Amino acid sequence: MSIDSPLTITGAGPAGSLMAVLLGKKNIPVRVIERRPDPRKHQESAGRSINLALADRGIHALKQAGVFESVAPLMVPMPGRCIHDLNGQTQFIPYGQHNDEVIYSISRNELNNVLLTHAEQLPSVQIQFSTSCNDINFEKKELLLEDEILRRQIKLPFSFLIAADGANSPIRKSLTARLQSETSINILPHGYKELTLPASATGQYQLDPHALHIWPRGGFMLIALPNIDGSFTVTLFLPFENSITAQDSFNGLKNKEHIKHFFHKHFPDAAALMPNLADEFMTHPTGKMSTIHTSTWTDQRIVLIGDAAHAIVPFHGQGMNCAFEDCIELDQLMQQHDLMSAFTQFEQLRRPNSQAIATMALENYIEMRDTVRHSKFQLQKALSFKLENLHPKQFIPRYSMVMFHHEISYATAFHRGQIQQSILNELTQDAETLDQINLDRATALIHSKLPPLS
Ligand SMILES: Cc1cc2nc3c(=O)[nH]c(=O)nc-3n(C[C@H](O)[C@H](O)[C@H](O)COP(=O)(O)OP(=O)(O)OC[C@H]3O[C@@H](n4cnc5c(N)ncnc54)[C@H](O)[C@@H]3O)c2cc1C
């Protein structure tokens, strides 16, 4: 691929900055336009300190881009879930069964900063902070920018544009208006709020750091992911409204007394370790979550990637991992084809995968907040591991395919996952323990329904 004028990327979040690294390493001239000021010089506002689960797909992409070594020191391994019941009893459920089947907690800001630093060190990459790109003049091939400091409008000619400007992407809006295509935004009736569970006075973790902690309560849940400084970022996922028990909803938690009562009732062990709980709850923003489908990602000169193309709810911990996978696939296509056909093929290749992970992410909310507590779920999880050991080329638990096998596409994981679930349901229908499972029947079902993975 050769281009004579710089390729423009809008958005220097995880996707935009990784894309800049990948292209910059090939000496392709890249200009990145980012609305926010440089995050390495400005602190994020309170309550937006998301830490994320980084998994095999994201790690693979970071390795391909040659930046993994700078990211690795920021990662805290989480080999499983630690489930907290109402009495404070905990149960550890491993995510996988092999030593390398681990997901990692990482600060989104820190990860983004590493990627920006790598991108900026490349001579062909130029990053322009505090500049938003709000619209496009398609006839003149100009981006309409605004300098966020001087409040000045700027017109910037562009030849090709990669839009990585997130779930509210203004480029997506311009593109869909231009192409008269459609975007559906399904906002979840549940929101989220980030809180802190600090390190102890001596700087120690107050919960097991090697787990993703979950307090599943049926209709809602609390989770906590470890940070490298001994603290945990805690996130409450809760409906905005609740017509049956009003106080089990964001709208029902109106003052500090409500908040303390709610936490002591549902999450007493966590509340005891969160001294600033009520103050943080009152001051931190409540976030919305949505699944976005847009019917067209490209007009051949512009392509959407990451959340701009396909934002998903966070319950499979895959939004950023998927965005990183987008970057790798687009980079590979750009090496093999001219840009117009690379953009078109990118959409064709990625759309089935983004749709599959969007569905799995929604399904996983129910698993995390509810089914994970049930004995049938735990029996099926144990049986999945057993079947994987017996038939490793045919049966890999769906969670493992998504989180630990970047070589298996999301679409394949979704499709095989449905078949596997029907097998698990049949085998555990009348069973309560693993020894009651008919393994001959299991083998027959697997051979008849699941072709070996290539
Ligand atoms: C609560 C929560 C938990 C999550 N947990 C996980 C997890 O565990 N694992 C995981 O993989 N993913 C997780 N995600 C999803 C993940 O955060 C996103 O998928 C990821 O950040 C998408 O990256 P992106 O670069 O596409 O978009 P963004 O991160 O949204 O970045 C977009 C960038 O574009 C910039 N921008 C926006 N508008 C403009 C404009 N007009 N002009 C110029 N620049 C602009 C923004 O400032 C930003 O820097 C979670 C999300 C949430 C909300």
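Predicted model: local features only at pLDDT ≥ 70, side-chain atom pairs only at ≥ 80, totals over all residues.
Around the ligand there are 36 residues, and the closest are Gly11, Gly13, Gly166, Gly306 and Gly319. A residue is near a molecule or strand here if its C-beta atom, placed from the backbone, lies within 6 Å of it. Numbering runs from 1 along each chain as its sequence is written.

Which elements give two or more residues to the shell around the ligand? They are α1 (14-24), β3 (51-54), β9 (131-137), α9 (307-310) and α10 (319-336). These labels are DSSP runs, numbered from the N terminus: helices are H or I with at least four residues, strands are E with at least two. The most comes from α10, with 4 residues. By class, the shell has 16 nonpolar, 14 polar and 6 charged residues. For the classes, Ala, Val, Leu, Ile, Met, Phe, Trp, Tyr, Cys and Pro count as nonpolar, Asp, Glu, Lys and Arg as charged, and the others, Gly among them, as polar.

Next, the domains. Domain 1 is 7-75 + 106-185 + 290-363, domain 2 is 188-288 and domain 3 is 374-449; such bounds come from an automatic or database domain assignment. The ligand shell draws at least three residues from each of domain 1 and domain 2.

Back to α1 and α10, which both supply the shell. They pack at an angle of about 30°, with their axes 9 Å apart. That makes α1 roughly parallel to α10. Axes are lines fitted to C-alpha atoms, for helices over the stretch in contact, and angles run from 0 to 180 degrees between N-to-C directions. Angles under 35 degrees count as roughly parallel, over 145 as roughly antiparallel, 65 to 115 as roughly perpendicular and the rest as oblique. The crossing of α1 past α10 is right-handed. A crossing is left-handed if the near helix is turned anticlockwise from the far one by less than a right angle, and right-handed if clockwise. On the α1 side, Pro14, Ala15, Leu18, Met19, Leu22 and Leu23 meet Met320, Ala323, Phe324, Asp326, Cys327 and Asp331 of α10. This contact has 10 nonpolar, no polar and 2 charged residues.

Now domain 3. Still, 12 residues of domain 1 are in contact with 10 residues of domain 3, where contact means C-beta atoms, placed from the backbone, within 7 Å. On the domain 1 side, α2 (56-64) and α11 (339-369) each supply at least two residues, and α11 gives the most, with 6 residues. That side has 5 nonpolar, 5 polar and 2 charged residues.

What does α11 meet in α14? Pro352, Asn353, Ala356, Ile357, Thr359 and Met360 in α11 meet Tyr410, Ala411, Ala413 and Phe414 in α14. The residues of this contact are 8 nonpolar, 2 polar and no charged. The axes of α11 and α14 (residues 410-428) come within 7 Å and cross at roughly 50°. That makes α11 oblique to α14, and the crossing is left-handed.

Last, α14 also packs with α15 (residues 439-449), at an angle of about 160° and with the axes 11 Å apart. The two are therefore roughly antiparallel. Here α14 passes α15 in a right-handed crossing. Ile419, Ile423, Glu426 and Leu427 in α14 meet Arg441, Ala442, Leu445, Ile446 and Lys449 in α15. The count for that contact is 6 nonpolar, no polar and 3 charged.

Terms used: Contact = placed C-beta atoms within 7 Å.
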